[in-house]
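Grab a pencil and work through these exercises with the structure open beside you. Try each task yourself before you read its solution.

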Amino acid sequence: MIAIFDIDSLVYEACYGAEDLEEATHRFFNRYNDAIYAVTNRLGVDKVIPVGFCKENYRKKVDLSYKANRTSEKPKFFDELVESVKDHINVQSRKGIETDDLVVKYHDYYGKDNAVIISIDKDYKQCEGIIYNYRNGDIIIVNKEAALFNFYSQMVIGDTADNVNYIKGLGKRWCENNLSGKNEFAMRRAVYTLFKERYKSKAKEMFVRCYLLLKLNVF
């Protein structure tokens with residue numbers, strides 16, 4: 001089993017409240033190693049691929065308002081900790097995409113039956129496979145139907161954290177009533193119908209834009 005570890009959030013967590021770089025570094029590697037130890041014992045992991053620090057995300061070109069609501073500065077020692085982590089472990093990173101995209105690329109490459117994603121990010125629930133939440137120790141198994149439902153629900157409900165909200169006013173109940181139990185074509189048609197109602201002649205453009213912002217590993 002291959003573990004693909006999204007370490008971005010772990011770096012932020014390690015920095016908050018740290019008095020110096022040494023403490024931040026200690027926190028990071030303690031939590032990183034604890035997560036690997038736990039998932040190895042439970043799932044038999046024999047290789048870990050740490051992924052993080054991707055830059056120049058293409059989504060900013062799709063919609064300039066993407067993540068525009070995130071105005072808080074990086075925590076103290078963040079940049080120094082990033083360099084320290086890169087010095088000690090072989091972090092996989094790319095330009096033009098997000099860490100989430102690269103994690104899913106690796107996950108798709110190794111296959112859902114041979115890989116586990118280690119992350120606290122809910123966005124990975126659009127992927128069929130196994131997710132290990134290092135914060136609470138939960139193991140989440142997402143089947144194909146659930147993965148599709150989670151993604152198309154996100155297109156309807158939006159993602160407040162990333163400032164993506166193209167269909168306002170509808171939530172989980174609408175998704176349960178209109179998407180549950182349907183195949184991918186039917187889910188896509190139901191969601192596209194909403195875009196037609198809201199955006200008229202611009203429905204296709206707005207649907208594609210929303211899809212590109214929320215779907216992982218498009219490019």
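**Exercise 1.** Is Glu 205 buried, partly exposed or exposed?

*Solution.* Keep in mind that you're looking at a predicted model.
Step 1: look up the relative accessible area of Glu 205, which is 42%.
Step 2: compare that with the cut-offs, where buried means under 20% and exposed means over 50%.
Step 3: Glu 205 is therefore partly exposed, because 42% falls in between.

**Exercise 2.** Which side chain meets Glu 205 in a salt bridge, and how are the two placed in their helix?

*Solution.* Step 1: the partner is Arg 209, and the N to O distance is 2.9 Å.
Step 2: check that against the cut-off for a salt bridge, which is within 4 Å.
Step 3: both residues belong to helix H9 (residues 203-214), and they sit 4 residues apart, so about one helical turn separates them.
Step 4: here's the general idea: an α-helix has 3.6 residues a turn, so residues three or four places apart point the same way.
Step 5: Arg 209 is partly exposed too, at 24% relative accessible area.

**Exercise 3.** Which parts of the chain does the salt bridge between Asp 101 and Arg 59 link?

*Solution.* Step 1: the side chains of Asp 101 and Arg 59 come to 2.7 Å, N to O.
Step 2: Asp 101 lies in helix H5 (residues 99-110) and Arg 59 in helix H3 (residues 59-62), so this pair, 42 residues apart, links distant parts of the chain.
Step 3: both Asp 101 and Arg 59 are buried.
Step 4: now widen the view: Arg 59 and Asp 101 belong to a network of salt bridges that also takes in Lys 67, Glu 98 and Asp 162.
Step 5: across the whole structure there are 15 salt bridges.

**Exercise 4.** Asp 123 forms a salt bridge with Lys 122. Is Asp 123 buried or exposed?

*Solution.* Step 1: the closest N and O atoms of this pair are 3.3 Å apart.
Step 2: Asp 123 has a relative accessible area of 11%, so Asp 123 is buried.
Step 3: Lys 122, at 49%, is partly exposed.

**Exercise 5.** At what angle do H1 and H2 pack, and which residues make the contact?

*Solution.* Step 1: the angle is about 135 degrees, and the axes are 8 Å apart.
Step 2: that angle makes H1 oblique to H2.
Step 3: the crossing of H1 and H2 is right-handed.
Step 4: H1 brings Leu 10, Val 11, Glu 13, Ala 14 and Cys 15, while H2 brings Ala 24, Arg 27, Phe 28, Arg 31 and Tyr 32.
Step 5: sort the contact residues by class and you get 7 nonpolar, no polar and 3 charged.
Step 6: those five H1 residues, Leu 10, Val 11, Glu 13, Ala 14 and Cys 15, are buried, and their cover includes strand E1 (2-6), helix H2 (21-43) and helix H4 (78-88).

**Exercise 6.** Where is Gln 92 found, and is Gln 92 buried or exposed?

*Solution.* Step 1: find the loop between H4 and H5, and there's Gln 92.
Step 2: its relative accessibility is 16%, so Gln 92 counts as buried.
Step 3: leave aside the neighbours within four places in sequence, and Gln 92 is in contact with Ile 49, Pro 50, Val 51, Gly 52, Leu 102 and Tyr 106.

Key
Residues are numbered from 1 along each chain as its sequence is written. This is a predicted model: local features need pLDDT of at least 70, side-chain atom pairs count only at pLDDT 80 or more; totals for chains, interfaces and linings use all residues. Side-chain values use heavy atoms; hydrogens and water are left out. Buried means under 20% relative accessible area, exposed over 50%, partly exposed in between (1.4 Å probe, protein chains only). Contact means heavy atoms within 4.5 Å. Axes are lines fitted to C-alpha atoms, for helices over the stretch in contact, and angles run from 0 to 180 degrees between N-to-C directions. Angles under 35 degrees count as roughly parallel, over 145 as roughly antiparallel, 65 to 115 as roughly perpendicular and the rest as oblique. A crossing is left-handed if the near helix is turned anticlockwise from the far one by less than a right angle, and right-handed if clockwise. Ala, Val, Leu, Ile, Met, Phe, Trp, Tyr, Cys and Pro count as nonpolar, Asp, Glu, Lys and Arg as charged, and the others, Gly among them, as polar.
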